Structures are given as structure tokens and as C-alpha cells.
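Visitor: Could you take me through the enclosed spaces of this protein, and then through one of its strands?

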Amino acid sequence: MKAVILAAGLGTRMGKLSKETPKGLIKVAGREILYRTMKILEMEGIDEFVIITNPLYKEKFEEFLRKNNFRYQLVINEFPERGNGYSLYLARSYVSGRFVVVMSDHVYEETFIRKALKGKGLVVDREGKFTNTEEATKVKIDDGRVADIGKALEEYDALDTGFFVLERDIFEIIEKLIREKEKLELAEIVKEAGLEVFEVSGLFWMDIDTPEDIKKAKKFLIRNAIKGSGDGVISRYLNRRISTKISEALVDYVEPIHMTLFSFVVGIIAAVVAFISPPIGGLLYQLNSILDGVDGEIARAAMKTSKFGGYFDSILDRYVDFFVLLALALHLHPNIWGWMVVSLAIFGSAMVSYSTERYKGEYFVDIYKAIPQMKYLFGKRDERIFLTMVLCLIGRIELIFITLALITHIRVFATVYLVQKKEKLPE
């Protein structure tokens with residue numbers, strides 16, 4: 001199935017941002033608006049894209065499409081002032097059967113697109129949680145079809161999401177209207193055809209018209225990029241509140257690997273400082289914990305995730321944990337029995353990670369998704385670091401190792417128990 005992307009508009013409301021850059025190629029949370037839509041559609045089975053643009057943006061689109069290895073046909077609309085309905089008309093020679101139509105300046109979350117592709121006609125949203133309803137195109141529905149459509153409707157049932165699943169016979173209606181009108185908008189085609197409507201409500205989609213819309217969409221995409229599974233209490237209620245703010249500020253300027261390395265450097269500095277001043281070292285260790293979430297948030301929001309990124313980050317975390325705890329132990333100068341407790345604490349900290357990662361290696365699934373009870377076990381990295389910081393601040397360094405030695409090994413054996421219990425459950 002093909003997708004037609006309407007991208008001939010000049011995006012004048014974007015001001016300076018769209019003077020040389022097509023609105024669809026403006027970046028939101030580190031990725032071009034259009035890249036997001038096309039990549040998700042590609043993952044869902046769309047095998048070719050027909051992009052309708054104007055002569056001014058031709059070279060920009062060709063560069064973007066080649067760079068990202070999309071299979072495409074680029075169609076030039078010499079008369080963009082004739083409206084987006086006319087742009088769709090120009091796609092008539094490039095599609096057959098069922099096809100998708102989307103706007104180049106709309107941002108959609110993955111779940112929205114996946115559900116929308118199952119429908120037919122105009123995809124509508126009855127809730128409009130994330131869009132400006134005053135600016136949105138409204139739809140009046142009668143018996144499952146469009147009865148009226150327009151931005152000025154006072155009474156309406158849903159909002160036009162800018163996503164369509166159409167059949168080729170739509171061009172018969174378009175050709176009729178083209179003969180009657182010099183300028184043709186998509187809304188006029190929709191109304192004339194009395195298109196079926198398909199509801200996908202409550203999910204994220206936005207028409208990016210202004211710089212403020214970019215900020216709003218970026219904020220959602222960062223919030224939506226929170227990993228969730230595997231986060232401890234401290235991450236959920238403290239770290240993520242700070243890390244998402246950092247990610248929002250940096251997502252357009254840095255790569256995930258930059259934040260991975262920066263977080264690691266902060267962790268190593270924390271270890272050096274902890275040997276001299278445990279309270280300051282503890283604070284820096286907590287900062288490392290906060291920053292540790294930024295690389296993943298940026299990677300997911302900017303669609304730049306990689307298996308290596310997660311793998312590399314996990315390895316660096318283990319190094320930071322080891323050096324910080326070793327520095328605190330050296331500061332404490334424990335006796336032989338104290339070193340045994342220190343060893344148990346350091347080994348247990350590594351085993352918490354190993355016990356969960358080894359499950360993924362053996363069963364090929366995230367343990368937090370396979371065994372929901374895991375989220376209730378105390379002792380995740382964020383929780384251990386926060387506890388370490390608190391005990392450093394109150395000067396009870398010895399309690400760090402006693403506590404970690406207990407909670408990490410209890411957690412590991414609890415994990416083994418839960419895995420064994422799951423194995424015994426009937427299929």
C-alpha cells in the first residue's frame with residue numbers, strides 16, 4: 001500500500017522557521033515531523049510514498065528522502081495556491097487501490113497510526129486532548145459519514161486528524177470538482193464524497209502550525225519517551241521530573257550517546273569526590289542517576305534508539321556504581337569484616353542488574369513485562385543511589401554497605417523466586 005503526503009504548503013505561520021525549510025522537515029524533538037510519520041508508516045507496511053510539494057522545496061525533499069532511504073515518488077505542484085485538494089489530484093497517476101493520505105505537518109504517536117491504518121475514510125478524534133480545538137477542522141457526522149466539515153462549524157461531533165485511508169474512486173469526485181473550481185481544498189472533497197469516518201480518539205496527534213505547537217509537541221514526545229518498566233520509586237517521582245526537563249532542553253542539540261558519556265563522566269567525578277567528601281560525592285552520584293535517564297528519553301523521543309546504546313549505557317552504569325562504592329569504602333577505612341560487607345554490597349549491586357538482564361538473555365523478554373510483580377521489589381539502581389546519597393549527607397557511610405548488602409541480595413533471591421514461580425504456572 002502507498003501513502004500520499006501533501007507537502008505543498010508554504011507554512012507562513014511558522015515565520016522564519018519555514019522560509020527555507022518545508023514545514024514537514026522542521027524538527028520536533030530531534031526529528032523531522034515528516035520522518036516520524038513516514039518511519040512509522042513504513043514499519044506498518046507502507047512500501048512507497050508519493051510526496052506532493054512545490055518547486056521551492058523540491059531539492060530539500062529530495063535530499064531528505066534520499067538520506068533516509070525511503071522509497072518515494074516526488075511530484076511537483078506548480079500551483080500550490082490552488083489548495084491541498086489540487087495537490088491530492090496530482091497523485092492520481094501514482095496510486096491504485098487502497099492508499100493513505102496524510103499531511104506533512106502533522107505529528108502522530110505510533111499507536112494512533114497503527115489504529116488509523118485499520119480504518120477507512122477520514123480518521124476522526126472525538127476528544128482532541130492534544131490539539132487546539134479552535135484551530136482544528138471540525139466534522140459533523142451523520143450515520144457514520146461526513147455530513148459537514150470546516151473550522152468554523154459551531155456544532156460538531158469530532159475533529160479531522162488529517163489522516164485518511166481512501167480508495168482510488170475518490171479521484172472521480174476530485175476530477176468533477178476540479179472542473180468546477182480553480183482552488184480546491186481537501187475539506188471540500190471530503191464533504192462532497194460524504195466520506196466514511198473512522199474513530200481513533202484520545203491518542204496524541206497535532207497539527208504543527210506555529211512555533212508554540214513545536215514546543216507543545218516536543219513536551220509530549222519527551223513525556224511519552226519515559227521508559228516506565230524498570231523505573232523505581234525514585235525515578236518515577238523525582239528523577240523523571242528533572243530528567244524530562246533536561247531532555248526537552250537538549251533533544252534538538254545532542255545525540256543520545258553524548259548524554260550517555262556525559263552521565264558517565266559525572267559518575268566518575270562523583271567517585272573521585274566521594275573519596276574526599278562523601279556528602280558532595282553523594283549529591284553528584286544522585287545527579288548521575290538523574291542524567292542516566294536523559295539519553296534514553298532523547299533516543300526514544302527522537303527515534304534514535306539502538307541496541308548498542310542500551311547495552312553501552314548499562315555497562316557504564318556498572319563501572320560508575322563500582323567506583324563510587326569503592327571510593328566510599330576507601331574513605332571509610334573498614335577492617336577485614338568491613339571489607340567483606342563492602343564486597344557483598346558491591347557484588348549485590350552488580351547482581352541486581354545481572355539477574356534482570358540475564359532473564360532477558362534467556363527468555364528474550366523484559367522481566368518487568370513478563371513478571372509484573374518485579375516492579376514492587378525494592379533495590380533498583382535509582383533507589384540504591386538515592387539511599388546512598390541520603391546516608392552520605394547524614395554521615396552514615398557504614399550503613400550504606402550494610403543496607404546494600406542486605407537489600408541487593410534479598411532482591412536477587414526474590415527475583416529468582418518469582419522467575420521460578422512463573423515457570424511452574426500452567427500454560
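Guide: Helices and strands are here DSSP runs numbered from the N terminus, a helix having at least four residues. Please keep in mind that the model is predicted.

Visitor: Which helix supplies the largest share of the lining of the largest cavity?

Guide: The structure holds three cavities of 30 Å³ or more, and about 40 Å³ of space lies in the largest cavity. Its lining is made up of Tyr285, Asp321, Leu325, Ser349, Arg384, Ile385, Thr388 and Leu404. Two helices, α12 (307–332) and α15 (381–393), each contribute at least two residues to this lining, and the largest share, three residues, comes from α15.

Visitor: How many residues of the lining of the largest cavity are charged?

Guide: The lining includes Asp321 and Arg384, and Asp and Arg both belong to the charged class. Beside four nonpolar and two polar residues, the number of charged residues in the lining is two.

Visitor: Is strand β8 mostly covered or mostly uncovered, and how many of its residues are buried?

Guide: A residue counts as buried when its relative accessible area is under 20%. Strand β8, residues 121–125, is mostly covered by that criterion, and its buried residues number five of five.

Visitor: Which residue stands opposite Leu122 in β12?

Guide: β8 pairs with strand β11 (residues 158–166) in the antiparallel sense over four bridges, and there Val124 has Asp160 as its bridge partner. With strand β12 (residues 197–199), β8 runs parallel, joined by three bridges. In β12, the residue that stands opposite Leu122 is Val197.

Definitions and conventions: Residues are numbered from 1 along each chain as its sequence is written. This is a predicted model: local features need pLDDT of at least 70, side-chain atom pairs count only at pLDDT 80 or more; totals for chains, interfaces and linings use all residues. Side-chain values use heavy atoms; hydrogens and water are left out. On a 1 Å grid over the protein atoms alone, a cavity is a set of points where a 1.4 Å probe fits but cannot get out, and a pocket is an open set with protein on both sides within 12 Å along at least five of seven lines; lining residues have an atom within 4 Å of a point. Grid points are joined across faces, edges and corners, and a volume is the space filled by probe spheres set on the points. Buried means under 20% relative accessible area, exposed over 50%, partly exposed in between (1.4 Å probe, protein chains only). Two strands pair if DSSP finds at least two bridges between them.
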